[in-house]
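This briefing is for a reader meeting the structure for the first time.

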Amino acid sequence: MSHLSIEEITKEYDGIRALDRVSLKVEKGSIKGLIGPNGAGKSTLFHLISGVEKPDSGKIRFKERDITAMASHEISALGMGRTFQTLQIWGNMTVVENIMAGMNRRLKGSLLSYGLWLPRVRTSEKEALKEAKEILNSLGLLGSWESMASQLPYGKQKLLELGRALAMKPEFLLLDEPASGLTLKEIEQLSERISQIRQEGVTVFIVEHHMGMVMEIADEIAVLHNGELIAEGTPEGIRGNPQVIEAYLRGKRADA
Amino acid sequence: MVETKKNDFRTRDLFYLVPLWVLSLIAPDPYIYHKKEFKKKDLLYLGAIGLAPLIWSDPHFHHLMVLAGIYAILALGLSLFTGYAGQISLGHAAFFGIGAYTTAILTARHGFSPFVALWTSALSASVVAYLIGRPILKLKGYFLALATLGFGEIFLVMVRESTDLTGGVIGIFGIPWFSVIGFSFDSYLKQYYLTWGVLTGLFIFSKNLVRSKVGRALLAVAASEDAASSVGINVPRVKLEIFVLGAAFAGLAGSLFACVMSTANPEAFSLGFTVLIVMMVILGGMGNIYGPIAGAILLTWLMDFLSRYQEYSLPVYSVILILLLIFFPDGIGTRLNVRVIYLIGYWAKKKKRDEGKL
């Protein structure tokens, strides 16, 4: 049974078709890659899935539930975590608070109980801090847990964003270009980390420009071009697909 | 700190340094605001608040501090909304006004006890905030500022025009002193302890919010709403909750204000007053829970001090505000520690330079 299924999604911006009847399936427990030249509609698709924007037509199902019309925070509450293409960490908080804010959904209690600092709340805060430190430890960020998130170097901020998404204990993770701006060594660590996340039973859907990385970790790859799905299959199949090669080559020529 | 390096200084330098150093001990520093637990310093503040009116037993000072306390309650609520959640409200004086008029009408007209009126005021302000907030909080940035501004002005017009209910421009007189079970707060000293007691309670409440899940949700909403909803934070609800809470604070402050001044009239809730409260939050430091209190004390004291210069007071007041905003853009406590150390280093070097050693 597929974890996420997208059916005939279309999205237009001022008459320009960003996505044209795209259908996709992501199987539970797999890593799926999504590639395509710039402007192919990859980020748009992610925004539609996570509920930041709404499609013009088509349906999105997550865990057999129709999430097309749901608000973004409701979709996250179902267990879908995500990172952003343009880094969206909370620079006004410390590193550990960023992770703890990621757990927000799992911490129970009303505004009043927090204001009165009831014993129940006290213990849950303590446990959250402990758990957040464990997450930071596993990402290698524990050394700077008390510094402001805005003061971290870029690579670590990227890791922090991933950590924040993991803190909400997602079943499904959308990663929007996690490797962009990272050094080769950092990319290696990241791929390892992503494989590890999958082993913990999380489905991963990843948009990435860094071909080597996607080819290495993904079970299946889909290719978008000009808002249309032009190919889908195993990394080996995609590598040899003439349509894909042409789309990328044409893109390259246009760049030069 | 200062004493050990005394040799490097001229006596004149001590004159600059000592007050700055003392201020750096007392003033809340926004640059370390992320360490949010209660500390020993808080006990120091509490002791100072408790002892100040006894040491400085001047009724005028007491009255001034009562007003500062009331403004601080109001600014504290606004600080949660503006400083933490990053939303702009220019209609906060209206909730203050709702609190004051609720108390005025209940006590002066219908003879309820001020204690009952206090809670009713908070409740009525938050109910109005809920009804207003639901549609209005969908707006962002300047649009939210304009909408709340409009709300404040509409409230003012309604108060002025509905003469039967609010007494129009003249307002309502004869509100009794605040009293609980027969104990009447009839002197400025007693009122001082009343307002600062309420303020302390609300401060602890707010600080608990800020250092917990709620505060993190607020900061998350301020920094990036998309990221906040991506981890399951219900952004509209977080905004609404804190707006309603801020209004409840304002309602409490308004009720206390009515009891202290024993009158409620529309002049007190004008746009100028809203701007004053916003200034308190900004001067105290955005996203700094001690800030609104420091800002409220500073501005109340400054206004009172300048009022003796009559026609010059307003220009001087605005110049001081501008200077403060230039030199302390993140609040009056900003990095005073660092500034002291910098000054020590500067003067020590200057002395050596003068002697030709450097």
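A residue counts as buried if 20 or more other C-beta atoms lie within 10 Å of its own, as exposed if 12 or fewer do, and as partly exposed in between, with C-beta atoms placed from the backbone. By that count, 47% of the 358 residues in chain B are buried. The model is predicted: local features need pLDDT of at least 70, side-chain atom pairs count only at pLDDT 80 or more, and totals for chains, interfaces and linings use all residues. Residues are numbered from 1 along each chain as its sequence is written, while chains are lettered from A and ligands numbered from 1 in the order in which they are written.

**Chain B overall**
- Chain B has 15 helices and four strands, which are DSSP runs numbered from the N terminus (helices: H or I, at least four residues; strands: E, at least two).
- Of the contacts in chain B with a separation of 6 or more, 77% join residues 24 or more positions apart; a contact needs C-beta atoms, placed from the backbone, within 7 Å.

**The largest nonpolar core**
- A nonpolar core is a set of buried Ala, Val, Leu, Ile, Met, Phe, Trp, Tyr and Cys residues joined through C-beta atoms within 7 Å.
- The largest one has 165 residues, and B:Ile73, B:Leu74 and B:Leu218 have the most contacts inside it.
- Helix 11 of chain B (residues 235–261) supplies the largest share of this core, 16 residues.
- Leaving out residues up to four places away in sequence, B:Leu74 touches B:His92, B:Phe96, B:Phe249, B:Ala250, B:Ala253 and B:Ile277.

**Helices 3 and 11 of chain B**
- The axes of helix 3 (residues 59–84) and helix 11 of chain B come within 7 Å and cross at roughly 170°; axes are lines fitted to C-alpha atoms over the stretch in contact, and angles run from 0 to 180 degrees between N-to-C directions.
- Helix 3 of chain B is therefore roughly antiparallel to helix 11 of chain B, a term for angles over 145 degrees.
- Among the residues making this contact are B:Ile73 and B:Leu74 of helix 3 and B:Phe249 and B:Ala250 of helix 11.

**Where chain B touches chain A**
- The contact takes 26 residues from chain B and 30 residues from chain A.
- Helix 9 of chain B gives the most to the chain B side, with eight residues.
- The chain B side divides into 13 nonpolar, nine polar and four charged residues; Ala, Val, Leu, Ile, Met, Phe, Trp, Tyr, Cys and Pro count as nonpolar, Asp, Glu, Lys and Arg as charged, and the others, Gly among them, as polar.

Conventions: Contact = placed C-beta atoms within 7 Å. Parallel < 35°, antiparallel > 145°, perpendicular 65-115°, else oblique.
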